[in-house]
Amino acid sequence: MRNFIFATLFAMALVAGVASAQVAVPKINTAGRDLATSNPASTVWGSPSSIEVSKAQGTLTDVVGGIRTPLGNVTESFYGFRIVPEKGSWAFAADTSYGTLTNDQRRGSLGLKLGERLGLGFGVTTNRYSGVPNMDVTENYGGLSFALSETFYLGYVYGREFTNDSAAPEEKRDFSRYGLGLRGGSDKGMMYHLEYNFDVYLPDTSTTKNPGEHRSQSVIEVVFNNVLLAWERKYTSSNGGGTDIQTGTIGYSPREGFAINYFAIRGQSGPSTSYFDASLNGVSLALLF
């Protein structure tokens, strides 16, 4: 049971967490595995069209009472595209992680620009976990993004999550996402993006198997002369302990042409005395137009 719970938490934090950084406004990082975001409405604000691939490798470790036991290696691969015409956007992304549990994630999104201040978006995310038992998790959601000024943005998402596995009946729970973001600067000089967002998952009232969760994420990005420095932290709090994932990125991030990033992910899942540790490093490439 411990290994299954760990594998589920890790796969969801690593893969499902990829696209959570853009709830209020798009990231500056144009090769950051965030093409189909957790709020599709946010993609209508100044994000370029993009085609992207990435690859990451790392290790998993079980830590009990200070004793570290290697659990094996993890490999993650990503590909996707985002097309951003003048009045909207649409995107698709696929992310697969291999390790204690294999997770295949697919994301699709559509964003529409309504006037100069409001974005509207719809999306679906599916996660298929291959393990014991096999499990499918699907999220359907819609969102809004408000451009209150040229630098200040608000985002909101409402959706429903459905969980199906081979050992239990379907479970469902509703969730909301809230985001506050600042983004400004010049394409030819320094640009910045600061964002804080959080998710609130309500427990499934028809069962006792799907508890509520609270997820929060902080994002800091700075680009100067196309050189990117970025840091993200995502924390998930639920019954049985939290999951803390931090990502650092350095790269070449123009607004058109080719972009390349190196990223390092460090994660921990579980209580302080008995937890799982993850470490991944990868490279992301994108063509922007």
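Some ground rules. Residues are numbered from 1 along each chain as its sequence is written, and side-chain values use heavy atoms, with hydrogens and water left out. Since we have a predicted model, local features need pLDDT of at least 70 and side-chain atom pairs count only at pLDDT 80 or more, while totals for chains, interfaces and linings use all residues.

I start with the strands. Helices (H or I, at least four residues) and strands (E, at least two) are DSSP runs numbered from the N terminus, and two strands pair if DSSP finds at least two bridges between them. Asp62 has Thr69 in E2 as its bridge partner. The hairpin of E1 and E2 has two residues between the strands, and Gly65 there takes a positive phi near 60°. E2 also runs antiparallel to strand E3, residues 88-98, with nine bridges. Glu76 stands opposite Ser97 in E3, and the hairpin from E2 to E3 goes through four residues.

Next, the cores. A nonpolar core is a set of buried Ala, Val, Leu, Ile, Met, Phe, Trp, Tyr and Cys residues joined through side-chain atoms within 4.5 Å; buried means under 20% relative accessible area, with a 1.4 Å probe and protein chains only. The largest core has eight residues: Ala56, Leu60, Val74, Ile245, Phe263, Ile265, Ala278 and Leu280. At least two residues each come from E1, strand E13 (257-269) and strand E14 (274-288). Another core, of six residues, lies apart from it and includes Ala24, Val44, Trp45 and Ala147.

Asn39 sits in the loop between helix H1 (2-14) and E1. Is Asn39 buried or exposed? Its relative accessible area is 0%, so Asn39 counts as buried. The Asn39 side chain reaches the backbone oxygen of Leu144 at 3.1 Å.

Last, the second largest pocket. A pocket is an open set of points on a 1 Å grid over the protein atoms alone, where a 1.4 Å probe fits, with protein on both sides within 12 Å along at least five of seven lines; lining residues have an atom within 4 Å of a point. This pocket has a volume of about 180 Å³, volume being the space filled by probe spheres set on the points. Its lining includes Gly46, Glu150, Arg183, Asp187 and Phe289. Strand E8, residues 168-185, gives the most to that lining, with three residues.

Terms used: Buried means under 20% relative accessible area, exposed over 50%, partly exposed in between (1.4 Å probe, protein chains only). A polar contact is a pair of N or O atoms within 3.5 Å; within protein, one must be able to donate a hydrogen and the other to accept it, and residues adjacent in sequence count only if both atoms are side-chain atoms.
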